[in-house]
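Dear colleague,

I am pleased to hand over the structure shown below.

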Amino acid sequence: MNSQDILIAANGLRKSFGDVHAVNGVDLNIAAGEIYGLVGSDGAGKTTTLRLLVGALLPTAGDASICSYSVKSHAEQARAYIGYLSQRFSLYEDLTVLENIRFFAEMRGLKPDEWYPRSMEILEFVGLAKFQHRRAGQLSGGMKQKLGLASALVTRPRVLLLDEPTTGVDPVTRQDFWQLLIQLVSAQSDSVSVIISTPYMDEAARCHRVGFMRKGQIIAEGTPGQLRNMLNQRILELRGDPLPLLKQISGQDMDVEDVRAFVDRLHLRVKDRQSDSVIQK
């Protein structure tokens, strides 16, 4: 991988809150045109990692760079290349779709003859053009996520940081969002790099590379195919209610090595001899 193609880099990135090591020595090298999935259970350190990359938090140790600009020492230059979509909807619900995009465009210094045609282009791309005059508070959850993506894209960023953008939306909307993302990466003449954090294994399979996070560290990294071979069908997905009881019961099974909650489901890591077993609801 040519160093000139690396748009996102991190070296020994750490962030501690007292005795809690939320990010504990993360290294990343993500190239132009690459979608990198950051996968982990709740509390693994995914959101903190993205906040360090966007410059919303200062690292306790280590450094990160965006398009060769240090987030720590050249934060403004680095942020100029970033489009960021946070986990929660953070736009202005009293403003219309177009007004929200205009606000973020002008905050980043775009003039009217720049932001308006770009906004209409982006709204067409995400399928919100006919809703441009609707207030953001009246949008569905999936449409809000698309508006968030549109606002992140209006300045033509080279780097997209997406923090669990599809959590809580229906499967059809998740599919639509991923189609937009793949189209964006493949269609850009000036390729972008994307980091997307997700608790969903099916979304991880859509990424070019995946990093599994646990306790603030990336414990495994590779293409989806490489990681599937490494785990050899030892990760099983368990759904049902009540989830806390299922977690307690499955954790007592002698053939289960680890149990992690991923939003509305559990991921079980089982011993090698159990790889052919099927756990059903």
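A pocket here is an open set of points, on a 1 Å grid over the protein atoms alone, where a 1.4 Å probe fits, with protein on both sides within 12 Å along at least five of seven lines; its lining residues have an atom within 4 Å of a point. Points are joined across faces, edges and corners, and a volume is the space filled by probe spheres set on them.

This is a predicted model, in which local features need pLDDT of at least 70, side-chain atom pairs count only at pLDDT 80 or more, and totals for chains, interfaces and linings use all residues. Residues are numbered from 1 along each chain as its sequence is written, and side-chain values use heavy atoms, leaving out hydrogens and water.

The second largest pocket has a volume of about 360 Å³. Of its 17 lining residues, Phe-212, Ile-219, Ile-235, Asp-258 and Arg-269 lie nearest the centre.

The largest pocket has a volume of about 590 Å³. Its lining comprises 26 residues, with Ile-82, Gly-83, Tyr-84, Phe-104 and Arg-108 nearest the centre. Helix H5 contributes the most to this lining, with 5 residues (helices, H or I, have at least four residues and strands, E, at least two; both are DSSP runs numbered from the N terminus).

There is also an open sheet of 3 strands, ordered S11-S13-S12, with antiparallel pairing (two strands pair if DSSP finds at least two bridges between them). S11 and S13 are joined over 4 bridges, and Glu-237 has His-267 in S13 as its bridge partner.
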